[in-house]
Structure formats: C-alpha cells, structure tokens
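Student: Hi! I have a model open and would like to go through it with you. Can we start once it's on screen?

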Amino acid sequence: MSVNDANDLIENRTYDEITVGDEAHLEKRLTMEDIKLFAVMSGDVNPSHVDSDFAKSSRFQEVIAHGMWGGALISTVLGTQLPGPGTVYLKQSLQFKAPVRLGDVLRVSVRAIEKDDQRHRIIFACRCENQRGDTVIEGEASVLAPIKKIQRPRTLLPKVRLTERGRLHEILTAADHPEPMPTAVVHPVDQSAICGAVESAAQGLIIPVLVGPKRKIQLAAEKAEVDISAFELVDVPHSHAAAEQAVALARQGRVGALMKGALHTDELLREVLKRDTGLRTERCLSHVMAFDVPTYPRPLLITDAAINIYPKLAEKRDIVQNAIELAHALGNDNPRVAILSAVETVNPKITSTIDAAALCKMAERGQISGGTLDGPLAFDNAVSEAAARTKGIVSPVAGRADILLAPDLEAANMLMKQLTHLADATGAGVVVGARVPIMLTSRADDALTRMASSALALLLADYQRRSLLSSPSGA
C-alpha cells in the first residue's frame, strides 16, 4: 500500500491522555456500494441486503445494511481516533434498534465511561444515530488502550472497483416489457447453444424454435440436463439446412429473430444475405456490441467487429445508421457517434479520416439521421473529456461517445478484446440491418451475455415493429 504525505497523520491518545467523558465520532452515508463491498468481504449475501426484489417483500420493504456494517464503523472510531493506533479490542456488545437504509447518514460515536488503571482497560459507550437522531445501534466496547504514543502517516487504501455488469442487467430489465419473441435457434446441437436458448426462454425473452437435426438437439439437451419438451423442434439433416430453414421461418413471419447455435457465422449469414431467399434490406448488415465498461460512465456501442472487413464509405454509412437504430431501441434518442481514426484531423494519407469527414457531412445533409456525429477522433478523444480538452477539441461528441465506429473489422475486434481482457468490460451483441435481428452468440459467452444478446434482439425487434406501425406507410 502507499501512504499520503507526512502532513496527513494518524495519531493515538494513550491511556493516560484519556479521561472519562472523552468522545470521538465519525459520519458515514450508506450507499449500495458499501453494502456490496461488505457482502464481498464477509460472504454474507442475505437477500435482505443484496437482493432488491426480495427486499421489497421483507419486513422493511427495501434493502438495508448488514447490522455489522455499523459495528465495523464503531471499530473504525476506536482503532483510528479514540484511543486510536495500538488499541486492542477485547469485548463488544451491540443492540440493533432500527434498520439502516440506503442514503442514511450514520453518526457513530464512542464515549469513555470507565477506566481500569491496573490493566489499562477502558470501557466505551458506543452509539450509532441516523440523520433524524434515531438510535439504530448502541452498546459497549472494552479495549486495551495503548500506553505509548504512536504517530504514523495515514495509509492510503487502494481503490476498489465493483465490476457487476450493471448495464447488461439494465438491458435485461428494459426487455421485461415486450412480449417474448419467437426465435429460430439455428443448429443448437451442443450444450452451450441449447442452454443459451433455454435460459433466454426462462427469462421471458424468446420463444425458441429449435432448428436442426432432432436427435442431436435432444442429445445436447440431455447432456445439459435441460428440458426442451415445451419448444417447437424443426428437424433438418444438417447445419446448412438449419440455416436455410431458419431464414425461411423468418421470411414467413413465424419467427422474429435468429440465434446462432453450433454452426459457423459465415454459414448462417450466407443464407441471410441471399438476394431472393434471404433477409436482406436496403442496408448492409453490421454487428453491434453493447459494452458495459466499468471505467466508462455510460453504455458503449462498438461496431463492426464481425461482418464488414474493410467497409467503404457507403457501407460505413449503413453501419452508423444500424448502430443508431439499436441505440434508439435502448432508449437513447440522440446517441453521440465518434468516428475513430488514429488522429483527430483529416489527413489525405489516412482514408479513415476522409471517410469520417464525409460521414459527418452526410449527417448534416440528412443522409444519416437520429444521432450526433463527429470525427475523425482518436480513441482517447472519443472517450475522455480531459483528453479532448488537452487537444483543444470542442465537440458535443468528444469524450462522451455513445457509439464508436471503428475504421475496419481488425480495429474494432482489437478494441473489443482489449476492453474485455484489460478493462473488465462485458458485452452482448446483435446483427442489425437484416429483416430480423440476429444473435451471434459464442461458445465462450456466459449465461448473462447470452440473455443480454436476446434482450438486445427483443428490444430492437420491438422498436422496429413500433416504428413501422407509427409510420404513415405502416398504418
């Protein structure tokens, strides 16, 4: 651990310096992070403290602090103020008078009430009061007080960051409202694919239609120990036939989305992109990842890391519009789009900077709508307001981007993997630009990621349906 400068000291009061009646206190506001950190440290995951849904049905109708959170604050006062460093805890009694609720500010105080000169022991009355003056905890502590003066630089504790995928949970919560969507699960013949479908169905996100060799699907379900008896199963001989049949089901309106199972992405998209029998629209297809980056204060959409290798200007226009549409489906009515390059100025030798300038002009002329674009922007200027200020960039997008458009697939893929492996980011993705959303789940995806991908597809399909109904031509 590191320490602060020498002016920030922690100092005790020795046994001889303390008299009966001496007091010390601190104040602390309870946050959800406090509760979660205490649960991580103690292992106490009583749902009354960490599960807001359960807490609504409990006696107090809301999340409350662990009782010993307040007890730990009493220990803080004794160990850092009175008596302070060198104190040895001997005994503590506590009575819990009332719950500590989120947002409560506790005043934690200790007062010396009895001294034992022979053994250098002191008994303290301990009390925790909330901001209304209500006593929530009271008791007594017996400590062995230090007899030597101690003065030390105050230890600076490391910052602790909780990485909970909060924004993926927000996506799932947002998807609670639309009805579950019939979804063709293409060739789900391994455990991860079948579990992804079952878990998404259990969350009310999709109604799976399992398309593939019947016996292989059933064997996968048996190995995964999941029940698929309630799901429609369309029996076809192999993965290519599964992709073809799934696309046909979408064209017929029997399903509203596709979910990739145990087949290669190219095999599925080949059928999607067929001109006469596929699911093409006037836009090119593109893949968008919705990322939860713990160090970034908002959801971050990154495109395209899966489909378009070296997109030209016209394709980039579609890729941007696809991402904007997904942002709208997630409730962001005017997403900020940063068009990435290596530099933030137009350089004729760097094609991506010329494309960025052209895309911004296209947005001015209405060829791209629904978002605010700026570029070229280097990555740091796109996500850091401080970096943008240092470069003198004045922009509604710089430092606050909601969408990052990478120059090509290689750059997007590296960016996503760097965020995942170096910044604890997690993400869920969906293919946009076809007649129906397409979930390209991976064997490496965990249950939450698979469900979040299903939620993205559901929200996008619901948004497209509502947009069609509200348009004059869709009336």
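Predicted model: local features only at pLDDT ≥ 70, side-chain atom pairs only at ≥ 80, totals over all residues.

Student: Which strand is Leu 90 in?
Tutor: Leu 90 sits in strand β4.

Student: And which residues form a nonpolar patch on the surface?
Tutor: That patch is made by Val 88, Leu 90 and Leu 144. Together they have about 210 Å² of accessible area.

Student: Switching to helix α4: how many residues does it have, and how far does it reach?
Tutor: Helix α4 covers residues 67-80, which is 14 residues. From first C-alpha to last it reaches 21 Å, close to the expected 20 Å.

Student: Which residues of α4 are buried?
Tutor: They are Trp 69, Gly 70, Gly 71, Leu 73, Ile 74, Val 77 and Leu 78.

Student: What do those buried residues pack against?
Tutor: Their partners include helix α1 (32-42) and several strands, among them β3 (23-29) and β4 (88-96).

Student: New topic! What does UniProt place at residues 26-120?
Tutor: An unreviewed UniProt entry gives the feature "domain: MaoC-like" there. Over residues 26-120 the chain is 35% helix and 26% strand, with the end C-alpha atoms 24 Å apart.

Student: Last one: is Thr 265 buried or exposed, and why?
Tutor: Thr 265 counts as buried because its relative accessibility is 19%, and the cut-off is under 20%. Thr 265 lies in helix α9 and, leaving aside neighbours within four places in sequence, is in contact with Lys 260 and Leu 440.

Definitions and conventions:
Residues numbered from 1 in each chain as written. Heavy atoms only, no water. Helix = DSSP H or I, 4+ residues; strand = E, 2+ residues; numbered from the N terminus. Expected span 1.5 Å × (residues − 1). Buried < 20%, exposed > 50% of the residue type's maximum accessible area, 1.4 Å probe, protein only. Contact = heavy atoms within 4.5 Å. Patch = residues over 30% accessible without salt bridge, like charges linked within 9 Å, V, L, I, M, F, W, Y side chains within 5 Å. Areas by Shrake-Rupley, 256 points an atom, 1.4 Å probe, with all protein chains shown as cover. Salt bridge = Lys/Arg side-chain N within 4 Å of Asp/Glu carboxyl O. UniProt positions renumbered as here; feature names shortened; annotations may be inferred.
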